[in-house]
Every structure is written in structure tokens, then in C-alpha cells.
Amino acid sequence: MLAYLAALALGLMAVYALRSGLLILQNRRDERERRARLKAAARASGYIIPKNSEQCKRFEQAS
């Protein structure tokens, strides 16, 4: 009986350790994506109409 409880406790610890690790990875990926979006917004802020705008495909960029 004690062995089953120990196995259960170790299993729960492993699940929570795995969950914690996955959350850390998710937060890192989210932070990387957020930084990439901020960089893209900073680059595109100089244009009145962004180059890759889906809503303005009928316009061509002036040379």
C-alpha cells in the first residue's frame, strides 16, 4: 500500500514538473512572438498604408 502511495506521489510530482516546464517554454515563445510583433510594428509605422495590408491590395506602392 505504501508503495502505491509513493508511486502516486512521484507520478503527481512528475506531472507538475512537466507542466511547469511546458509553461516556461510557452511563456518564452509568447515573449519572442510579442517582441517580433513590436519590431514589425515599429518597422511598419513609417508607412501610411502598410506594404502587406490585406485590405489595400488594389493599391500599388509608388516608386
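A salt bridge is taken here as a side-chain nitrogen of Lys or Arg within 4 Å of a carboxyl oxygen of Asp or Glu, and the structure holds 2 of them. The model is predicted, so that local features need pLDDT of at least 70 and side-chain atom pairs count only at pLDDT 80 or more, whereas totals for chains, interfaces and linings use all residues. Residues are numbered from 1 along each chain as its sequence is written, and side-chain values use heavy atoms, with hydrogens and water left out.

The protein chain has 1 helix and 0 strands, where helices (H or I, at least four residues) and strands (E, at least two) are DSSP runs numbered from the N terminus. Of the 63 residues in the protein chain, 2% are buried (buried means under 20% relative accessible area, exposed over 50%, and partly exposed in between, with a 1.4 Å probe and protein chains only).

Both salt bridges involve Glu-31, which is partly exposed at 29% relative accessibility. In one, Glu-31 pairs with Arg-34, the closest N and O atoms being 2.6 Å apart; these two residues lie 3 residues apart in helix α1, about one turn of the helix, and Arg-34 is partly exposed, with a relative accessible area of 37%. In the other, the side chains of Glu-31 and Arg-35 meet at 3.4 Å, N to O, and because they are 4 residues apart in helix α1, about one helical turn separates them.
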